[in-house]
Amino acid sequence: GFKHLYPYPTQEELTHFYTHFYDNNLQKYNMDEKYEIVINNFKVRKRVLDIGCGDGQFLKIFKEHGWEVMGIEPATQANQFADALGINIINDTFENINNETLGKFGVINLQFVLEHVIDPISVCKRVFDILEPGGICCIEVPNDFNIFQEIIHKYLGKEMWWIALPDHINYFSFESLERMLKTIGFEIAYKMATFPMEVFVLFGDDYIGKNDIGSQVHQKRLNFEKALIESGNIQLKNELYTRLAEMGLGRTAIIFARKPV
């Protein structure tokens, strides 16, 4: 039920794009929070794989806590950063690596990956195969074609700015991502959203195509979360983002899916 481009690019085109042109898109968010969710809620083997590991910061957190870590990253610059951290990484795409090379894992992270691959169903099936029984897959994707985006598009007449060519091939919602994972055999263990950035446009801060305003509203989002965390209201923050997920809202959709025992 997810949306996707048609026709698809070829795997060769994608490999060339991510190897040569995607090196400055390295930053990830919610890394510490995801680690806390894993260790506080799931008993799994302490071996983690990060597919599309970027500069290795997510894996660095797990490594510092005694986990065996492995990353996969086609972008050469990111690969060098992760290597400098002493992270075991493979400079390739997940599709080009066989299961025997990887082995089994207790946790697999796919943060901003499924929107980029030609066949996300096959990727998730392989992830299911290399997870230990009871293992957890954490998936984060842009929550696209959500109701706030539709309001901005239809009511305010803005273009569908969330369609990102050429690299965003697939477009998920909470509903379609959850449906796909359940069809493969996963159980949905936990889901949460991130701040619904689109509300800033509804407030009147139109950041679409405007990097300076985009930076300002991003800082406002960080200020909001920092205030909740530093005032001792982390639980309130988590509850808010969990409720948003239940409503299908939030800029990104995050789902922790479990492989049945």
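1. Let's start with Tyr155, which sits in the loop between helix H7 (147-154) and strand E7 (170-171). The model is predicted, and in it Tyr155 counts as exposed because its relative accessibility is 68%, where exposed means over 50%. Tyr155 also belongs to a nonpolar surface patch of about 480 Å², made together with Ile147, Ile151, Leu156 and Leu202.

2. Glu150 is found in helix H7 and is buried, at a relative accessible area of 19%; the cut-off for buried is under 20%. Setting aside neighbours within four places in sequence, Glu150 is in contact with Phe145 and Tyr155.

3. Now for the sheet. Seven strands make up an open sheet with mixed pairing, in the order E4-E3-E2-E5-E6-E9-E8. Strand E4 (89-90) and strand E8 (187-193) stand at the edges, and each has a single partner strand, so one side of each is left without a neighbour in the sheet.

4. Within that sheet, strand E6 (residues 131-142) pairs with strand E9 (residues 252-258) in the antiparallel sense, over seven bridges. Cys137 stands opposite Ala257 in E9. Helix H8 (residues 174-184) packs on the sheet and touches E6, E8 and E9, with its direction at about 20 degrees to that of E9. Helix H6 (residues 120-130) lies across strand E2 (47-51), strand E5 (105-111) and E6, and runs at about 150 degrees to E6.

5. On to charges: the structure holds 17 salt bridges. One of them joins the side chains of Glu33 and Lys237 at 3.2 Å, N to O. Glu33 lies in helix H2 (residues 31-41) and Lys237 in helix H11 (residues 234-246), so this pair ties together parts that are 204 residues apart in sequence. Both Glu33 and Lys237 are buried.

6. With Glu140 in strand E6 and Lys34 in helix H2, the pair links distant parts of the chain, 106 residues apart. Glu140 counts as buried at 2% relative accessibility, and Lys34 counts as buried at 2% too.

7. Finally, the side chains of Arg251 and Glu198 meet in a salt bridge of 3.8 Å, N to O. Arg251 lies in the loop between H11 and E9, and Glu198 in the loop between E8 and helix H9 (199-203), so the pair ties together parts 53 residues apart in sequence. Glu198 is buried, with a relative accessible area of 0%. Asp144 joins in as well: Asp144, Glu198 and Arg251 are linked in a network of salt bridges.

Technical notes: Residues numbered from 1 in each chain as written. Predicted model: local features only at pLDDT ≥ 70, side-chain atom pairs only at ≥ 80, totals over all residues. Heavy atoms only, no water. Patch = residues over 30% accessible without salt bridge, like charges linked within 9 Å, V, L, I, M, F, W, Y side chains within 5 Å. Areas by Shrake-Rupley, 256 points an atom, 1.4 Å probe, with all protein chains shown as cover. Salt bridge = Lys/Arg side-chain N within 4 Å of Asp/Glu carboxyl O. Helix = DSSP H or I, 4+ residues; strand = E, 2+ residues; numbered from the N terminus. Buried < 20%, exposed > 50% of the residue type's maximum accessible area, 1.4 Å probe, protein only. Contact = heavy atoms within 4.5 Å. Pairing = 2+ DSSP bridges. Axes fitted to C-alpha atoms, helices over the stretch in contact; angles between N-to-C directions.
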